[in-house]
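Dear colleague,

Here is the structure I promised to hand over, and below it you will find what turned up when I went through it. Please keep it open beside this message as you read.

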Amino acid sequence: MLLSGFGTFLWLLNLGMLVLAVLAFGLSVMAREDAYRAADKQTKKFWLIILGLTIVVNLFVPLQILFLQLAGLVATIVFLVDVRPAVRQISGGGGRRGGSSSDGPYGPYNGGR
């Protein structure tokens with residue numbers, strides 16, 4: 001009973017890692033190549049290869065070889081936490097919807113003038 005529950009946990013863990021890798025791969029595909037260079041990160045081709053290999057490993061390598069999946073998970077997390085925000089900032093996709101950095105919730109802040 002306990003062993004089958006652990007197998008279910010590993011299967012769900014593998015599914016979660018696969019979903020993250022597919023998400024990161026899709027985000028990597030949509031980013032511009034020059035944004036990677038401008039952000040001083042590895043090239044787009046490098047990240048596509050790494051994240052693509054992570055997807056293949058999560059799909060086809062048995063769960064007993066968990067260290068390969070964990071290495072792919074580390075690469076995916078590095079992409080999502082470090083590379084993607086830097087590339088997005090260079091590309092101009094920074095979370096703001098126009099305006100300047102001094103805009104408040106009700107319009108521009110004019111410094112009390």
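Is Phe 79 buried or exposed? Phe 79 is buried, as its relative accessible area is 1%, where buried means under 20%, exposed over 50% and partly exposed in between, with a 1.4 Å probe and protein chains only.

Please note that this is a predicted model, in which local features need pLDDT of at least 70 and side-chain atom pairs count only at pLDDT 80 or more, while totals for chains, interfaces and linings use all residues. Residues are numbered from 1 along each chain as its sequence is written, and side-chain values use heavy atoms, leaving out hydrogens and water.

The whole structure holds 2 aromatic pairs (rings of Phe, Tyr and Trp, the last by its six-membered ring, with centres within 6.5 Å; planes under 30 degrees apart are stacked, over 60 edge-to-face, the rest tilted). Phe 46 and Trp 47 form an edge-to-face pair, at 5.3 Å centre to centre and 85° between the planes. The rings of Trp 47 and Phe 79 have centres 5.6 Å apart and planes at 55°, so this pair is tilted. That pair links distant parts of the chain, 32 residues apart, with Trp 47 in helix H3 and Phe 79 in helix H4 (residues 66-91); helices are DSSP runs of H or I, at least four residues, numbered from the N terminus.

Trp 47 is buried at 7%, whereas Phe 46, at 33% relative accessibility, is partly exposed.

Best wishes

How values were computed. Helices (H or I, at least four residues) and strands (E, at least two) are DSSP runs, numbered from the N terminus.
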